[in-house]
Structure formats: C-alpha cells, structure tokens
Amino acid sequence: MRFYSTNSKQSFVPFREAVFASLPKDKGLYMPESIPTLDEEFIKNIDQYSFSEIAFKVAENIIGDDIPSADLKRIIDETVNFDAPLVALKDGSYILELFQGPSLAFKDFGARFMSRVMAYFSEKSNQTLDVLVATSGDTGGAVALGFTGVPNTRVTILFPKGKVSPIQELQLCTNDSNIHALEIDGTFDDCQALVKKAFNDDDLNEKLNLTSANSINISRLIPQTFYYFYAYSQLVKQGIKDVVFSVPSGNFGNLTAGLFAVRMGLPVKHFIAATNANDVVPRFLSGEAYETRTAIATLSNAMDVGNPSNWDRIMDLFNQDISALKKQLTADTYSDKQTTAAIEEVYYKDQYIVCPHTAIAWLAGQAYRSKNPGDYALVALSTAHPCKFPDVFPKGIGENIKVPESVNELRKREQKKQLLSTSYTEFKNYLLNYPA
Ligand SMILES: *Cc1c(COP(=O)(O)O)cnc(C)c1O
C-alpha cells in the first residue's frame with residue numbers, strides 16, 4: 001500500500017516511509033492510496049473468527065505486502081493480546097471496553113502496533129530511532145509501555161504540567177531508561193506545537209532520526225479499525241446486524257479509524273462524534289465555520305483538543321463533501337456537569353462505572369436514539385479505565401472503582417521526569433544534549 005499527503009495527491013510513499021516520516025514535508029497528513037474492501041464472505045462469517053484473526057485479515061487487507069505475512073501475524077498477536085468485550089447495559093445500549101491493555105486505555109492498540117511496526121522496519125538499520133510524542137495523558141502511557149525496553153529506540157514524551165492524572169503520570173515516569181518524560185509548563189496544544197516544530201526543523205532532523213508517535217501517525221490508525229470489526233462480530237453472534245457507534249473524540253483518530261472500517265466494508269449505520277466543551281467539530285457540522293481554538297480544560301481531559309489533528313483526514317476521505325459526511329456522521333457536545341450526571345446515571349442503574357470520556361459517548365448515544373428510534377445496537381466506545389481519572393467521580397462512586405493490580409506494581413518503581421517551559425529553544429537543546 002502506498003500513501004499520499006492530504007496536501008498533494010500526486011506523489012506517493014511506501015508504508016515504511018509514511019510510518020517513519022509521520023508527517024509529510026508539505027505538512028499534510030498521510031492517507032492510504034486506496035482502502036480495499038474486504039471480501040464479502042469474510043464479513044458475512046465474521047462471527048466465526050477470533051479477535052486476532054479478524055485483526056490479521058483487516059491489517060493484511062490494508063498493508064498488503066509491505067510486511068510479510070508471518071511477521072505481520074506476529075505483530076498482530078503482540079498487539080491484540082487483550083480482549084475488547086461488549087458490555088450490555090440495562091438501557092439496551094452497549095459499552096465497548098477498549099481499556100484492557102497495559103496502559104488501561106484504547107490507545108494501547110495504536111501504540112503497540114506502531115512500536116512493533118517501527119521495530120520491524122528498523123531492525124536492520126543500527127541507527128537510534130528518536131520517537132517524539134505529545135500527550136494529554138493516555139497517548140504517552142500507551143506509547144511508553146509500547147516502547148519500554150525496545151532496543152535502538154529512544155522515546156521523549158511531552159505532557160502538560162498538572163493536567164494528567166496520578167496514574168497517567170505513573171505510567172509516563174516509571175519506564176526503562178529509553179523512555180524520557182518531559183513535563184511542559186503549558187497546555188497539551190503547547191506540547192503538540194513543540195513536537196510539530198521539531199519535525200519541521202531541518203537542522204534537528206539532520207542530527208536526529210526523528211519520528212512521531214501521535215495519532216497523526218498512520219500506523220496508529222490501522223489497528224484502531226480492528227475493534228470496530230470485532231465489536232460487529234460480537235453483535236452478529238447475538239443476531240444483531242445494525243450498529244451505531246458513538247465515539248468520544250479529541251484528535252478524531254478513533255473516529256477516522258471507524259470511517260476507514262466502513263470503507264473496508266464494515267456495515268455501520270451511523271457514527272456519532274461525542275466531544276466535551278472543545279466543540280470545534282460539532283459547531284462545524286451544525287453549519288458554523290471550522291474554527292480551531294485554544295483547548296479548554298474539562299473533566300474528560302484526553303479530549304481537551306482545540307485543533308483536532310485528524311480532521312483533515314476525515315475531510316479528505318469525503319473529498320471535502322460535507323453533505324456526504326453528514327449522512328454518516330453527527331456530532332454532539334457535552335458539559336462537565338452533564339458528564340458527571342451521566343456517570344451517576346449509569347452507575348445507579350447498572351452498578352457500572354464509566355470514565356468521563358465514555359460517559360460523553362454514552363450521552364451522545366442516548367440523545368441520538370431519542371431522535372432516531374429504531375432497531376439497532378448503540379455502541380459507546382469506552383476509551384479508558386475509570387481509575388485513571390480518580391478526581392472526576394462523585395462521592396459514593398469513586399471509592400468503588402477497582403484499581404487493577406498492574407497499577408500497584410508501578411507505584412513501587414522509581415519516578416523520573418524533567419520540567420521544561422514552552423520555549424522551543426529549550427526543548428531543542430534538551431533533545432540535542434540528551435541526558436545519558
Ligand atoms: C485519546 C483519547 C480520546 C480521544 O481519541 P481521539 O482519537 O484523539 O479522538 C478519548 N478518550 C480517551 C480516554 C483518550 O485517551
């Protein structure tokens with residue numbers, strides 16, 4: 001499979017180059033030249049396959065012969081080595097639990113696949129690979145745990161000071177010596193701006209072999225298509241064929257992956273993009289201009305994004321045709337107050353605790369269903385384990401969250417991080433004079 005830039009559809013690069021470059025030189029985003037449809041028989045019989053079998057079929061379909069079958073199979077088995085079950089709620093909707101991986105968030109899918117693909121491609125070259133990643137919390141943990149101890153790789157993670165939860169910070173700061181955690185005195189958008197600047201800095205790129213691990217990297221999006229197919233297979237097992245996915249969205253990578261899955265032949269009735277107060281996309285889909293903003297801090301902090309980095313991909317996928325896009329996608333925005341109320345409602349009805357991001361997806365699903373009654377399964381993607389956001393929960397709920405044993409193991413380790421300002425010069429100097 002070859003990839004083009006959203007800014008120039010005439011030139012193509014192979015998968016390997018798209019993975020390592022992360023961003024094309026023209027500052028667009030890489031997109032697959034085509035998205036081949038899976039064979040109908042496979043979709044028809046999808047309930048006969050395991051999660052990793054589904055993932056392999058889907059990956060092979062999009063990656064083609066850029067990675068030999070046996071290697072791809074191994075990469076998939078190391079990526080999809082935890083479950084993503086559908087949990088039925090009493091209101092008839094479903095929660096798709098995507099947080100059973102090592103960092104307790106759905107980003108494990110993207111990060112684990114990407115780290116192994118990068119390791120596969122760089123096996124033969126002996127140069128150290130410098131991975132840069134900006135995180136509002138969950139990306140960093142997933143990337144750190146995906147790369148920790150991987151030879152010939154060095155990972156620098158930038159996170160906004162005071163804006164990630166204690167468990168998220170633990171996951172960032174307790175890894176092997178090839179993982180460096182930088183606490184930036186600013187917002188997530190500041191972190192992202194520093195990383196983007198580094199990639200566009202010719203001088204720095206001459207000295208370091210830089211690559212990105214943000215959701216802008218195309219190799220992060222491919223594995224995120226797997227669980228849409230797997231969720232569908234679980235529904236088919238119960239005789240359900242119509243599905244609406246509600247996706248809690250920040251940078252819109254998760255949603256982009258869902259739209260890729262549809263192009264591959266997954267029958268999805270509709271998508272809902274659920275956001276917090278950072279509502280650039282809901283405003284746009286309701287007819288306003290597309291206007292990026294400074295991120296607003298909310299309870300669902302992994303979605304505090306004022307300039308969603310994957311939105312151009314979605315527009316490109318639909319050839320800038322907004323009315324075609326609107327047929328497949330609606331968007332909705334919710335306040336912190338509504339988020340807390342939703343957490344309470346789900347808890348008191350089902351004794352089930354959703355994280356604040358999941359709560360927003362659940363709410364958007366409920367709103368969609370009240371406007372669009374019908375016989376379909378409503379699936380809210382659950383992007384993180386609630387224990388990652390302990391301060392969010394009202395009294396009587398937070399105490400009942402069961403913290404997984406893996407977290408207690410992290411508490412025993414030494415924590416390492418360094419504080420930097422939002423100055424690019426300071427950041428660049430850090431990269432050029434890495435502490436040993
Ligand atoms: C990253 C993240 C999101 C947003 O996903 P995008 O792909 O950036 O839209 C939602 N919830 C959680 C818990 C996350 O970590």
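Predicted model: local features only at pLDDT ≥ 70, side-chain atom pairs only at ≥ 80, totals over all residues.

**Exercise 1.** Determine the strand order of the open sheet of six strands, and state which strands lie at its edges.

*Solution.* Begin with the order, which reads 4-5-13-10-11-12, with mixed pairing. Next, look for strands that pair on one side only: these are strand 4 (86-88) and strand 12 (329-333), the edge strands.

**Exercise 2.** Follow strand 5 (residues 94-97) through its surroundings, asking which strands it pairs with and in which sense.

*Solution.* On the side of strand 4, the pairing is antiparallel over three bridges, and L86 has L96 as its bridge partner. Strands 4 and 5 form a hairpin with five residues between them, and in the turn G92 has a positive phi of about 95°. Towards strand 13, strand 5 pairs in the parallel sense over four bridges, with E97 standing opposite S382. As for its faces, Y94 and L96 on one side and I95 and E97 on the other are all buried, so that both faces are covered, buried meaning under 20% relative accessible area.

**Exercise 3.** Describe how strand 10 (residues 243-248) and strand 13 (residues 377-382) are joined.

*Solution.* The two strands run parallel and are joined by four bridges; within this pairing, F245 stands opposite V379 of strand 13.

**Exercise 4.** Characterise the span that UniProt lists as residues 2-79.

*Solution.* The unreviewed UniProt entry gives this span as "domain: Threonine synthase N-terminal". In the model, residues 2-79 are 46% helix and 18% strand, and their end C-alpha atoms lie 23 Å apart.

Methods:
Residues numbered from 1 in each chain as written. Heavy atoms only, no water. UniProt positions renumbered as here; feature names shortened; annotations may be inferred. Pairing = 2+ DSSP bridges. Buried < 20%, exposed > 50% of the residue type's maximum accessible area, 1.4 Å probe, protein only.
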